[in-house]
Amino acid sequence: EYMLLVAYKRVWRAIELATLTNSVEEIKGVNKEFLRRLNEVEQRTGSVEKELTEKKQRVAALDSRITLLEQRLDDQENRARRNNLCILGFLEQIENGKPIQFLQEVLPKLLGLAEGTQLEWAHRSLAPCPHPFIVKFLRFPVKEMVIRKAREWGALNWEGNKILIFHDLSRELQEKRKKFVENKRQLRERGVKYGLFYPAILKISMGGRDYSFNTLNDAQDFLKK
């Protein structure tokens, strides 16, 4: 009986060992498959991340390209308006359908210009009422002379109506120039000579030197100093 018991234990241990060995081999197989799949996932993730990085770079390049094209388009639009002025303040329909004839008669009287100031075309803007005149002069120097005269006269009045004359600019450029409004107010209060030049460059004359600023922050930093 003792020998039988010993043999039984040996057989049982052999069975346990075989079972344990099989379990370990199964676990190794499972781990091996898991590692294989994990490696595939990591490779796919790496490929996706690389593709995503490349796409982000392409999008950034396209954004830069679009910004550049928008700037060029805006510049071309404003160059096309180079000979234009906006004139605001005249009553609606006062031109009786003949804006060129009306303005060629009125502008010399309003600004003290020589008779016969030639316009290429003029029409009412589609902007909200009151609709300003958009005027294109035949020659750029004449347009510059008109805007200069308007500044020299200061407040312009026509039959009790305040008349404003200003450059015809794209909306984008108008927004850029508006950013310097507060800077210009501070400069006027300090009695500092300045000018806002095309497209949106603030030039300040101080201490016998001229300073130019393309951004609002640069101009503000200068004024703080």
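Here is a short tour, one selection at a time.

**Before you click**

This is a predicted model, where local features need pLDDT of at least 70 and side-chain atom pairs count only at pLDDT 80 or more, while totals for chains, interfaces and linings use all residues. Residues are numbered from 1 along each chain as its sequence is written, and side-chain values use heavy atoms, leaving out hydrogens and water.

**Stop 1: strand 1**

Select residues 84-88, which make up strand 1. (Helices, H or I with at least four residues, and strands, E with at least two, are DSSP runs numbered from the N terminus.) Four of its five residues are buried, so strand 1 is largely enclosed by the rest of the structure; buried means under 20% relative accessible area, exposed over 50%, and partly exposed in between, using a 1.4 Å probe and protein chains only.

Two strands count as paired if DSSP finds at least two bridges between them. Zoom in on Ile87: its bridge partner in strand 3 is Phe133, and in strand 5 it is Ile165.

**Stop 2: helix 3**

Pick residues 140-153 for helix 3. Which of its residues are buried? They are Val142, Lys143, Val146, Ile147 and Ala150. Looking down the axis of helix 3, you'll find these buried residues within an arc of 135°, so they line one face of the helix; the arc is that of the directions from the helix axis to the C-beta atoms.

Color Arg151 and Glu152 next: these exposed residues sit on the face turned away from the buried side. The cover over the buried residues includes strand 1, helix 2 (99-111), strand 3, strand 4 (156-158) and strand 5, with contact meaning heavy atoms within 4.5 Å. Just past helix 3, click Gly154, which takes a positive phi of about 75°.

**Stop 3: Asn78**

Jump to Asn78, in helix 1 (residues 2-80). Is Asn78 buried or exposed? Buried, with a relative accessible area of 5%. Show its neighbors: Asn78 touches Leu169, Ser170, Leu173 and Tyr198, not counting residues up to four places away in sequence. A polar atom of the Asn78 side chain lies 2.9 Å from the backbone nitrogen of Ser170.

Conventions
A polar contact is a pair of N or O atoms within 3.5 Å; within protein, one must be able to donate a hydrogen and the other to accept it, and residues adjacent in sequence count only if both atoms are side-chain atoms. The expected span of a helix is 1.5 Å times one less than its number of residues.
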